[in-house]
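Thanks for coming. I have one structure to show today, and I will go through it in a few steps. Please have a look at it first.

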Amino acid sequence: MTGQVSVNRGFVPLMSERLLYPMQLWIEGSIEQVIAVANSGVASAIATNPTIIDRWTSGGQSLEAVVTQVCANVTIPVYVQLHGPTVDEYLREMDHLHAISNLIHPKLVASHAGLAAAKQIADSGLKPLITTVATLNQAYLAACAGASYAAPYVGRLHKAGVDTVKLIGDMVTMYRHSGAATQVAAASISSPQDAEHMLLAGASIPVMQYDVYQHMLDSELTAVWIEHFEVNWTHIPYEIKSAVS
């Protein structure tokens with residue numbers, strides 16, 4: 001009607017259209033760091049990429065050896081990027097890694113072969129992740145291939161001048177409106193502020209390095225409140241402390 005502003009629902013789908021996913025933290029870091037966070041119960045998955053595996057194997061161990069070490073010490077999924085680059089090579093690599101541990105799930109790059117392999121891997125019951133996602137079209141194709149997760153590199157995209165908040169928001173909106181089961185795993189989170197921005201944009205899974213995770217609880221106010229409570233505790237007689245010491 002004339003004089004009325006049309007409402008574009010855009011980023012605000014109806015509640016009946018929304019697929020709600022639990023909040024998750026995916027952790028990256030050294031072998032010792034990811035095992036520690038995984039066993040704290042806070043992380044839902046461990047994420048790796050060739051850069052991380054390169055560091056893990058710098059002492060001369062093989063990819064298989066370091067991945068075996070991690071899987072032997074955790075109970076959550078471990079995402080390992082496959083090399084490929086052909087569909088057959090992706091599938092052979094996945095069979096090889098899955099024989100090590102059923103905790104291992106694949107990351108595949110956003111290529112035609114990566115998508116085709118992801119489809120076959122998803123049909124086998126695993127939860128593939130399509131990585132190196134930089135556009136909405138790539139996110140769309142990842143969902144068409146049955147990927148459980150699509151992972152844009154937030155930090156790298158931001159450095160390239162991409163509006164990452166808009167991209168993440170558009171991906172989440174597209175998936176919710178279509179009923180796609182694919183989730184957005186916002187990777188390359190470089191700060192707690194980045195994590196906040198991605199969460200507000202709709203991503204339920206920030207993927208972050210251990211150092212970023214360590215600073216997620218930072219707050220001067222929280223530190224003051226905890227210090228105040230510690231003073232209170234010095235005035236309170238209680239037997240619990242001696243019982244558990």
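I start with disulfides, meaning pairs of cysteine sulfur atoms within 2.5 Å. A search of the whole structure finds 0 of them. Two cysteines can be mentioned here. Cys 71 has a relative accessibility of 9% and counts as buried, while Cys 144 has 46% and is partly exposed. For these words, buried means under 20% relative accessible area, exposed means over 50%, and partly exposed lies in between, with a 1.4 Å probe and protein chains only.

A note on what you are looking at. This is a predicted model, in which local features need pLDDT of at least 70 and side-chain atom pairs count only at pLDDT 80 or more, while totals for chains, interfaces and linings use all residues. Residues are numbered from 1 along each chain as its sequence is written, and side-chain values use heavy atoms, with hydrogens and water left out.

Now the chain as a whole. Its secondary structure comes to 12 helices and 8 strands. Those are DSSP runs numbered from the N terminus: helices are H or I with at least four residues, and strands are E with at least two. The chain has 245 residues, and 42% of them are buried. It exposes about 13800 Å², of which carbon and sulfur atoms supply 58%; such areas come from the Shrake-Rupley method with a 1.4 Å probe, and for residues only the protein chains shown count as cover. On contacts, meaning heavy atoms within 4.5 Å: among those in the chain with a separation of 6 or more, 58% are between residues 24 or more positions apart.

Next, the inside. How many cavities of 30 Å³ or more does a search of the whole structure find? The search finds 1. A cavity here is a set of points, on a 1 Å grid over the protein atoms alone, where a 1.4 Å probe fits but cannot get out, and lining residues have an atom within 4 Å of a point. Grid points are joined across faces, edges and corners, and the volume is the space filled by probe spheres set on the points. For the largest cavity, that volume is about 50 Å³.

Its lining consists of Trp 26, Glu 28, Ala 47, Asn 49, Lys 107, Leu 129, Ala 151, Tyr 153, Ala 185, Ala 187 and Val 207. By class there are 8 nonpolar, 1 polar and 2 charged residues. In that scheme, Ala, Val, Leu, Ile, Met, Phe, Trp, Tyr, Cys and Pro are nonpolar, Asp, Glu, Lys and Arg are charged, and the others, Gly among them, are polar. Strand 1 (26-28) and strand 7 (183-189) each supply at least two residues of this lining.

One of the lining residues is Ala 187, which sits in strand 7. Ala 187 is buried, at a relative accessible area of 5%. Leaving out residues up to four places away in sequence, Ala 187 touches Ala 151, Pro 152, Tyr 153, Val 154, Gly 155 and Val 207. From Ala 187 to Pro 152 there are 35 residues in sequence, and 5.9 Å in space between the C-alpha atoms.

Strand 7 also holds Ser 188. Ser 188 is not a glycine, yet has a positive phi of about 60°. Its relative accessible area is 23%, so Ser 188 is partly exposed. Thr 132, in strand 5 (residues 129-133), is also not a glycine and has a positive phi of about 60°. Thr 132 counts as partly exposed because its relative accessibility is 32%.

Which two residues does a cis peptide bond join? They are Gly 84 and Pro 85, with omega about 5°. Pro 85 belongs to the loop between strand 3 (78-81) and helix 4 (87-98).

Helix 4 includes Val 87. With residues up to four places away in sequence set aside, Val 87 touches Ala 113, Ala 116, Ala 117 and Gln 120.

Last, helix 1 (residues 31-40), where Ala 38 is placed. Ala 38 counts as buried, with 9% relative accessibility. Beyond residues up to four places away in sequence, Ala 38 touches Ala 43, Ile 46, Val 74 and Ile 76.

Note on methods
On a 1 Å grid over the protein atoms alone, a cavity is a set of points where a 1.4 Å probe fits but cannot get out, and a pocket is an open set with protein on both sides within 12 Å along at least five of seven lines; lining residues have an atom within 4 Å of a point.
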